Amino acid sequence: MFKDLFSLQGRVALVTGGSRGIGKMIAAGFLAQGAARVYITARKAGPCEQTAQELTALYDGECIALPIDISALSGIELLTAELGKREQQLDILVNNAGAAWGAPFDEFPESGWDKVMDLNVKTPFFLTKALHGLLQKSASDERPAKVINIASIDGLFVNPLETYPYAASKAGLIHLTRRMAARLIKDNIVVTAIAPGPFASDMNKAARDHADLVATRVPAGRIGADADMAGAAVYLASRAGDYVVGITLPVDGGVAYAAPGIQGDGWD
């Protein structure tokens with residue numbers, strides 16, 4: 001009954017924004033648990049190809065780069081077409097690609113708002129919609145397909161930094177996860193989300209460059225490690241998470257539900 005509970009043996013996954021940071025952690029975790037092929041996307045071809053080669057060399061499965069900008073519907077259509085040329089079905093989709101933008105309230109530009117909202121909310125919806133057919137081909141009562149949206153703890157509480165569309169987009173993605181979950185479970189597709197706290201990445205430079213300082217604001221006393229993020233994603237993607245529908249899992253060392261005084265400074 002419990003054998004291979006967290007195994008991803010033979011599965012095919014797509015991780016957007018997979019060339020670095022949280023996306024790379026998740027792609028590596030999937031391969032470590034037996035995924036046959038993990039496709040990763042990124043805007044920049046060089047880093048995407050480099051990460052794919054690096055992960056393929058480390059694990060038995062294959063990491064395949066599809067360097068495509070998916071911030072617009074044309075890119076989503078291209079990614080869907082390229083994946084469709086290579087695969088008959090898709091077991092796991094991780095909507096991780098995202099953007100952030102900070103500026104004072106009175107100066108916040110429309111361009112920054114649109115960039116963040118489009119990539120963080122619009123893209124996960126329309127990419128999942130575009131890949132619905134491939135996900136359905138994989139999905140069954142015994143082994144549902146999985147969609148995992150990467151949100152943020154900034155969607156759960158108010159970060160004092162002036163990153164207005166980022167916070168709004170991540171809160172929106174959390175609720176979108178619930179709505180998509182209610183619809184797609186009918187097709188044996190389980191939709192969930194992860195809300196990361198401080199992990200070292202190019203988007204979270206504070207955690208990357210000042211880990212010790214950031215750790216003082218985390219109840220667990222440290223920033224997140226690669227295995228923390230990979231473990232959460234593997235749980236939701238594997239059989240262990242088959243009955244977990246529509247939830248958002250904070251992976252944050254206790255920040256989101258800590259006392260307000262601990263939350264007060266922010267770190268993005």
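This is a predicted model: local features need pLDDT of at least 70, side-chain atom pairs count only at pLDDT 80 or more; totals for chains, interfaces and linings use all residues.
View 1. Three aromatic pairs are counted in the structure. In one of them, the rings of phenylalanine 105 and tyrosine 164 have their centres 5.7 Å apart and their planes at 75°, so the arrangement is classed as edge-to-face. Because phenylalanine 105 sits in the loop between E4 and H4 while tyrosine 164 belongs to helix H6 (residues 164-184), the pair ties together parts that are 59 residues apart in sequence.

**View 2. The loop that carries phenylalanine 105.** Phenylalanine 105 is found in the loop that runs between strand E4 (92-95) and helix H4 (110-130), and with a relative accessible area of 60% this residue is exposed. Phe105 also belongs, together with Phe108 and Tyr164, to one aromatic cluster.

**View 3. A nonpolar patch on the surface.** Phe105, Trp113 and Tyr164 form a nonpolar surface patch, and together these residues contribute about 330 Å² of accessible area.

**View 4. The rings of phenylalanine 125 and phenylalanine 126.** The ring centres of phenylalanine 125 and phenylalanine 126 lie 5.0 Å apart and the ring planes meet at 85°, so this pair is likewise edge-to-face, the class that requires planes over 60 degrees apart. Phenylalanine 125 is partly exposed, with a relative accessible area of 35%, and phenylalanine 126 is partly exposed as well, with a relative accessible area of 28%.

Conventions:
Residues are numbered from 1 along each chain as its sequence is written. Side-chain values use heavy atoms; hydrogens and water are left out. Patches are made of residues with over 30% relative accessible area and no salt bridge: like charges are joined within 9 Å, nonpolar side chains (Val, Leu, Ile, Met, Phe, Trp, Tyr) within 5 Å. Accessible areas come from the Shrake-Rupley method with a 1.4 Å probe; for residues, only the protein chains shown count as cover. A salt bridge is a side-chain nitrogen of Lys or Arg within 4 Å of a carboxyl oxygen of Asp or Glu. Helices (H or I, at least four residues) and strands (E, at least two) are DSSP runs, numbered from the N terminus. Buried means under 20% relative accessible area, exposed over 50%, partly exposed in between (1.4 Å probe, protein chains only). Rings of Phe, Tyr and Trp (its six-membered ring) pair if their centres lie within 6.5 Å; planes under 30 degrees apart count as stacked, over 60 as edge-to-face and the rest as tilted.
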